[in-house]
Amino acid sequence: MTAPTDSPTLPMNAPPQAPTLVQAHDGDDETYYLNMGPQHPSMHGVLRLLLKLRGERIEVCDPVIGYAHRAHEKMAENRSYVQFYPNTSRIDYLSGMIYNIGYCQMIEKVCSYEVPERAVAIRIIACELNRIQSHLLWLGTYLMDIGGITPFLYCFDDREEILGILDRVSGSRLTYAYGRFGGVTRDVDDVFLSQATAFLARLRGRFPLYAKLVEGNVIFRERSIGVGVIDRAMAMRYGVTGPCLRAAGVGYDVRKAEPYGGYEDYDFDVPTREAGDCLARYEVRVAEMEQSCRIIEQAIERLPEGAFGPKKFIKKLKPPVGEFYFAVESARGQFGMYLVSDGKDIPVKLKLRTPSFANLSSMSEALAGTMVADTIAVLGSIDVVMPEIDR
Amino acid sequence: MSRAAAPTIDLAGLVAQTHEADYGVDGFHHRHTADSESIVRLAEAFARGGWFCEMVTCEDRRADERAMRLVYTFNRFDVADRHVVFVMIPGEIPGVEIASIAGVSSAANWLEREIYDMYGVRFTDHPNLQRLLLPEDADFHALLKDFGRVEDAEAGS
Amino acid sequence: MDDVSGATSGGSVSLPVVTAKEMEGQIPIEASPFVRFAVLEDLLNAARANSLWPLTFGLACCAIEMMAAGASKYDLDRFGAGVFRPSARQADVMIFAGTISRKMGPVIKQLWDQMPAPKWAIAMGGCTIDGGPFKYPNQYAIYEGADHLVPVDVYIPGCPPRPEALIAGILSLQEKIRKGEKAVSTHQAALVEEKPS
């Protein structure tokens with residue numbers, strides 16, 4: 001065991017004190033402050049919401065974040081590109097494959113590494129399976145937050161199928177290290193392809209089940225329709241991306257707007273809805289799962305033969321000097337990486353522009369005037385992953 | 001796949017200089033440098049034209065250039081058109097200040113708070129300039145280059 | 001007294017058996033096969049072990065595997081540990097699932113204090129053991145290990161540990177509870193042993 005860092009510049013080594021809550025009142029019997037979190041019944045991680053309530057109506061919602069801050073960006077400045085690579089899956093662990101491979105894609109663009117065709121297709125299958133898995137988990141936990149416990153079990157059951165498929169080829173269920181600079185770690189075999197094909201058939205058979213279980217339910221509809229509206233103008237002001245933006249009627253998807261990783265050759269739609277409420281966000285995500293199935297089908301069909309990775313494992317990078325930006329579409333929106341390089345093997349700076357950061361910042365405005373019981377419904381429908389916000 | 005033409009924007013008088021940009025190399029469609037005095041009007045021009053504020057971040061360049069460099073990127077939803085604006089602000093921490101654009105783009109509210117938290121750059125007229133990620137009682141700015149360096153760690157850590 | 005409890009499964013308590021001869025006159029002979037004597041604490045420990053109520057305390061990535069362990073494929077409920085309570089006052093065991101940031105420290109202290117005794121702590125995942133993938137020299141943001149804050153009973157390595165690993169950890173905690181053992185491992189205790197002379 002190593003000693004704790006007793007550096008005098010880190011005053012937080014002192015024993016922790018209990019946090020103080022805001023106690024101020026407006027002198028009015030109807031107004032009070034409610035603290036929700038950072039530990040709370042909802043399934044959405046360590047988020048603290050300071051709510052100023054008037055009766056049951058929320059006047060002000062102030063999110064307090066930072067409880068999952070793990071110093072990713074500082075680590076990026078102190079670690080080489082290869083040493084930082086395991087962090088990438090853990091930034092947003094529900095889109096772990098997309099982030100992991102996205103980091104590799106950024107490095108490949110910056111350093112001009114070739115990626116074989118087979119690896120491009122394998123990456124697309126893995127990333128889209130990851131996207132489906134994230135949406136399934138979102139669906140289960142969102143319904144659980146609203147109060148419907150049953151879909152959680154069905155969604156996790158389907159999700160386990162995906163995790164089994166990816167586990168078999170990559171070795172991990174959640175935090176992957178499947179990408180390499182120049183390809184992927186291991187090749188996929190026929191078992192992987194048949195498992196993926198069988199899963200697509202299974203999932204498509206489950207969509208009617210989910211629709212029947214969820215969409216007709218009067219409680220679900222009452223708690224989703226018209227609740228937590230994020231409209232087009234608000235989305236623009238906050239830089240909201242992903243399903244939250246597409247539910248507001250804006251068809252922005254990084255895979256179409258700034259195609260990367262082979263997506264320009266695939267045929268898929270970007271589903272949008274107009275209402276911008278919780279139901280619209282639900283419908284967009286369900287529709288996206290079907291589109292991801294389409295992409296996987298096409299990738300499996302045209303999977304070319306060839307190499308799956310670089311000839312030699314690249315350990316030390318010599319990137320060009322300058323500033324670079326690379327964006328991918330994660331399950332939550334645009335994940336952008338801003339890299340400043342001085343030619344050495346350690347980045348000067350790596351800023352992680354994560355989608356949940358912008359999406360959550362819109363929540364205080366989306367919640368103003370709604371009821372306190374809608375807080376969890378809106379938070380759930382935005383689909384945030386706290387470690388991605390806090391980095 | 002051909003890209004639909006992005007709308008042009010007139011930034012005369014708002015940016016100090018517009019540079020060569022090569023999207024295929026570095027991911028930016030346009031590169032500009034600007035002075036800190038014009039940042040609010042620049043952000044307003046982008047917002048009026050339909051760009052959203054994608055990212056605001058900061059770099060600690062005090063060692064080489066005795067300045068902090070702020071980096072703003074603006075992008076569009078209808079067609080990808082990323083403008084990056086670099087703003088150099090000479091000075092030390094504490095001391096470096098710039099006007100806040102949170103009144104123009106709500107996205108900048110939290111982005112600027114994070115820069116204040118991590119770098120110590122102050123944003124004047126920010127509605128709520130408090131720490132965002134570090135504990136409220138932290139007395140350091142985490143991403144400054146002279147803080148928390150690996151080589152300064154105690155032996156045996 | 002003979003101990004004839006014989007082959008036991010993982011969960012049963014071995015109790016001494018009284019023969020009618022030894023307790024002559026005290027137990028009717030017809031009742032002797034059905035009467036057992038045991039230490040009350042053993043019975044209570046058996047009850048506590050088989051009905052652990054965890055606190056919903058997912059911090060980061062490991063929380064997802066904890067949720068998967070509670071879902072239908074891995075099913076923590078069959079071990080009695082499926083009733084996750086959101087309130088610390090109703091929970092027995094705090095499963096640290098994820099990296100513990102410094103900002104979370106006071107919150108954890110408050111939650112740990114709110115939990116009524118007897119209470120246990122499981123450190124799930126590398127981050128709660130020693131900082132895991134986030135451990136690097138001069139890391140400012142996290143506690144490198146849950147045992148900086150509370151005495152930990154069971155450590156489950158992995159990043160994240162598979163749901164089966166979490167189940168194995170809970171089962172070994174159940175064993176520990178049945179034996180009546182207490183947690184002694186804290187970071188401070190380990191430091192004391194390692195201090196150079």
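Predicted model: local features only at pLDDT ≥ 70, side-chain atom pairs only at ≥ 80, totals over all residues.
A residue is called buried when its relative accessible area is under 20% and exposed when that area is over 50%, with partly exposed covering the range in between. By this reading, buried residues account for 58% of the 157 residues of chain B.

Chain B contains four helices and seven strands. Followed along the sequence, these elements come in the order β-α-β-α-β-α-β-β-β-α-β. The C-alpha trace of chain B extends over about 55 × 35 × 25 Å along its principal axes. When contacts between residues at least 6 apart in sequence are considered in chain B, 51% of them connect residues at least 24 apart. The accessible surface of chain B amounts to about 6,800 Å², and carbon and sulfur atoms hold 46% of that surface.

Attention now turns to the meeting of chain B with chain A. Together the two chains bury about 4,200 Å², with 59% of this area on carbon and sulfur atoms. On the side of chain B, the residues that lose the most area to chain A are Phe77(B), Trp110(B) and Leu133(B), which together make up 18% of what that side buries. The contact draws on 51 residues from chain B and 49 residues from chain A.

Glu114(B) and Lys351(A) form a salt bridge, in which the closest N and O atoms lie 3.6 Å apart. Several elements of chain B share in the side that touches chain A: α1 (23-26), β3 (52-61), β4 (67-75) and α4 (107-119) each provide at least two residues. Of the elements in chain B, β3(B) gives the most to this side, contributing nine residues.

Leu213(A) sits in helix α6 of chain A, which covers residues 190-215.

Methods. Residues numbered from 1 in each chain as written. Chains lettered and ligands numbered in written order. Heavy atoms only, no water. Contact = heavy atoms within 4.5 Å. Buried area = accessible area lost by both parts, 1.4 Å probe. Salt bridge = Lys/Arg side-chain N within 4 Å of Asp/Glu carboxyl O. Buried < 20%, exposed > 50% of the residue type's maximum accessible area, 1.4 Å probe, protein only. Areas by Shrake-Rupley, 256 points an atom, 1.4 Å probe, with all protein chains shown as cover.
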